[in-house]
Amino acid sequence: MTQHTADVADGGTTDYARVLEEVRGLIADNLKIPPAEVTAETQLLDLPGVDSLKLLQGLLAVEDHFDITFDEDEAPAVRSIAQVAALVADALNSDRS
């Protein structure tokens, strides 16, 4: 499930839609909720059963999966799944620079 590596390696831009789907799946898996409950618009703190620790674990799972590290200044401002995916796409695209 790490197709992003090919995009980065061959110099193409990271496909945001695919990153969004992977982020949705990772968050759903981490929280053990149906993926259908996790949309781009979903607010992280509105997810069922989420607390600050589970949210941190979910974000760490995303970092591990994509082999990235979120910027310490940007990560606390993230509120939605779409924002998480945007940070991932930005990190993957900047790795190519």
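This is a predicted model: local features need pLDDT of at least 70, side-chain atom pairs count only at pLDDT 80 or more; totals for chains, interfaces and linings use all residues.
Axes here are lines fitted to C-alpha atoms, for helices over the stretch in contact, and angles run from 0 to 180 degrees between N-to-C directions. I take helices (H or I, at least four residues) as DSSP runs, numbered from the N terminus. Residues are numbered from 1 along each chain as its sequence is written, and side-chain values use heavy atoms, with hydrogens and water left out.

**Entry 1: α2 on α3**

I looked up α2 and α3 and found axes that come within 9 Å and cross at roughly 135°. The pair is therefore oblique; angles under 35 degrees count as roughly parallel, over 145 as roughly antiparallel, 65 to 115 as roughly perpendicular and the rest as oblique. The crossing of α2 past α3 is right-handed, a label used if the near helix is turned clockwise from the far one by less than a right angle. For contact (heavy atoms within 4.5 Å), α2 brings Val-19, Glu-22, Val-23, Leu-26, Ile-27, Asn-30 and Leu-31, and α3 brings Lys-54, Gln-57, Gly-58, Ala-61, Val-62, His-65 and Phe-66. By class I get eight nonpolar, four polar and two charged residues there. My classes: Ala, Val, Leu, Ile, Met, Phe, Trp, Tyr, Cys and Pro are nonpolar, Asp, Glu, Lys and Arg are charged, and the others, Gly among them, are polar.

**Entry 2: α2 on α4**

Next I checked helix α2 (residues 16-31) against helix α4 (residues 81-95): the axes come within 9 Å and cross at roughly 125°. These two are therefore oblique to each other as well, and their crossing is right-handed. From α2 I listed Tyr-16, Val-19, Leu-20, Val-23, Arg-24 and Ile-27; from α4, Ile-81, Ala-82, Val-84, Ala-85, Ala-86, Val-88, Ala-89 and Leu-92. The contact of α2 with α4 has 13 nonpolar residues, no polar ones and one charged.

**Entry 3: α3 on α4**

What angle do α3 and α4 pack at? I read about 30°, with the axes 11 Å apart, so α3 and α4 are roughly parallel. α3 passes α4 in a right-handed crossing. Leu-59, Val-62 and Phe-66 of α3 meet Val-84, Val-88 and Leu-92 of α4. That contact divides into six nonpolar, no polar and no charged residues.

**Entry 4: the cavity**

On a 1 Å grid over the protein atoms alone, a cavity is a set of points where a 1.4 Å probe fits but cannot get out, a pocket is an open set with protein on both sides within 12 Å along at least five of seven lines, and lining residues have an atom within 4 Å of a point. α2 and α3 (52-66) each supply at least two of the lining residues.

**Entry 5: the pocket**

The largest pocket has a volume of about 170 Å³, volume being the space filled by probe spheres set on the points. Among its lining residues I noted Gln-43, Asp-46, Leu-59, Pro-76 and Arg-79. By class, the lining has eight nonpolar, one polar and two charged residues.
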